Amino acid sequence: MSNFVAEIQIPDSALAKAAAEMLREFGNDLLWNHSHRVYLFGALMGKRNNVKYDSELLYISALFHDLGLTKHYSSPDKRFEVDGANAARNFLRSYGVPEESARLVWDAIALHTTIGVAQYKESEVALIYTGVGYDVMGENFDALTEEMRNQVTSAYPRDGFKNKILPAFLEGFAHKPETTFGNIKADVCARLLPGFKRTDFCDCVLHSPWHE
């Protein structure tokens with residue numbers, strides 16, 4: 001397969017290839033295709049809006065952004081986004097990547113579901129958020145042409161993604177649903193996890209140990 005999809009190059013540096021091998025080893029086809037679409041859609045939106053970004057860091061961020069859902073990287077008590085961010089940072093440090101670059105990738109992954117914040121961060125962080133939103137929810141769908149979408153999905157098929165990704169999310173954090181408090185993944189638990197009861201922020205305030 002060409003290293004270009006929809007005129008966007010798939011990074012092929014030694015670092016990029018090593019990151020891709022990690023996703024192949026610990027992920028599955030669903031995450032492989034989704035992660036590459038996130039990179040490509042984010043890069044296409046960056047190109048459309050004349051945003052400068054580091055393509056290698058964007059690609060690695062995309063590859064690792066959902067690895068926190070996998071058994072290999074999932075912790076017992078952290079948000080899956082943080083697990084993926086920690087995995088990426090450790091990977092980059094092991095290759096001697098500058099700490100500032102590792103921090104940028106950490107932020108891109110940790111914040112990729114944080115609505116109202118990530119889009120105002122550095123380009124790589126904002127573009128991962130944008131790519132995720134485009135692939136998962138079709139945000140700003142018409143900003144890219146049908147031809148662009150078809151080229152991306154031909155290279156990395158959706159294959160019923162809409163109906164597969166929610167159960168995949170739940171599988172990644174069903175053992176720690178409390179980590180979804182205050183974030184959009186609580187919606188996944190509410191829909192798919194029997195007996196799940198949301199933590200209510202107002203209850204946390206009103207039932208705090210303060211005597212007043």
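**View 1. Helix H3 and the helices it packs against.** The buried residues of H3 pack against H1, H2, H4, H5 and H6. This is a predicted model, where local features need pLDDT of at least 70, side-chain atom pairs count only at pLDDT 80 or more, and totals for chains, interfaces and linings use all residues. Residues are numbered from 1 along each chain as its sequence is written, and side-chain values use heavy atoms, with hydrogens and water left out. A few terms will come up a lot. Helices (H or I, at least four residues) and strands (E, at least two) are DSSP runs, numbered from the N terminus. Buried means under 20% relative accessible area, exposed means over 50%, and partly exposed is in between (1.4 Å probe, protein chains only). Contact means heavy atoms within 4.5 Å. Back to H3: eight of its 10 residues are buried, so this helix is mostly covered. The buried ones are Leu57, Leu58, Tyr59, Ile60, Ser61, Ala62, Leu63 and Phe64.

**View 2. Helix H4 from end to end.** Just after H4, look for glycine 96, which takes a positive phi of about 75°.

View 3. Zoom in on leucine 92, which lies in helix H4. Is leucine 92 buried or exposed? With 0% relative accessibility, leucine 92 counts as buried. Which residues does leucine 92 touch, not counting residues up to four places away in sequence? They are Leu15, Ile60, Val97, Ser101, Ala102 and Val105. Take Leu15 from that list: leucine 92 and leucine 15 are 77 residues apart along the chain, and their C-alpha atoms are separated by 8.3 Å.

**View 4. The nonpolar cores.** A nonpolar core is a set of buried Ala, Val, Leu, Ile, Met, Phe, Trp, Tyr and Cys residues joined through side-chain atoms within 4.5 Å. The largest one here has 51 residues, and those with the most contacts inside it are Tyr39, Leu40, Phe64 and Leu92. H1, H2, H3, H4, H5 and H6 (123–137) each supply at least two residues of this core. H2 gives the most, with nine residues. Apart from this core lies another, of 11 residues, among them Ala168, Phe169, Leu170 and Phe173.

**View 5. Salt bridges.** A salt bridge is a side-chain nitrogen of Lys or Arg within 4 Å of a carboxyl oxygen of Asp or Glu, and the structure holds 15 of them. One of them joins lysine 47 to glutamate 7, with the closest N and O atoms 3.2 Å apart. This pair links distant parts of the chain, 40 residues apart: lysine 47 sits in H2 (residues 29–48), and glutamate 7 in the loop between strand E1 (4–5) and strand E2 (8–9). Lysine 47 is partly exposed, at 44% relative accessible area, while glutamate 7 is exposed, at 63%. Another bridge pairs glutamate 99 with arginine 93, the closest N and O atoms being 2.6 Å apart. Glutamate 99 is partly exposed, with a relative accessible area of 43%. Salt bridges that share partners also join Glu100, Arg103, Asp107, Lys121 and Glu122 into one network. Aspartate 77 bridges to lysine 78, with 3.7 Å between the closest N and O atoms. Aspartate 77 is exposed, at 51%, and lysine 78 is partly exposed, at 36%.

**View 6. A nonpolar patch on the surface.** Phe181, Phe201, Val205 and Leu206 form this patch, with about 440 Å² of accessible area together. Patches are made of residues with over 30% relative accessible area and no salt bridge; like charges are joined within 9 Å, and nonpolar side chains (Val, Leu, Ile, Met, Phe, Trp, Tyr) within 5 Å. Accessible areas come from the Shrake-Rupley method with a 1.4 Å probe, and for residues, only the protein chains shown count as cover. Phenylalanine 201 is in helix H10 (residues 201–206) and counts as exposed, at 57% relative accessibility.
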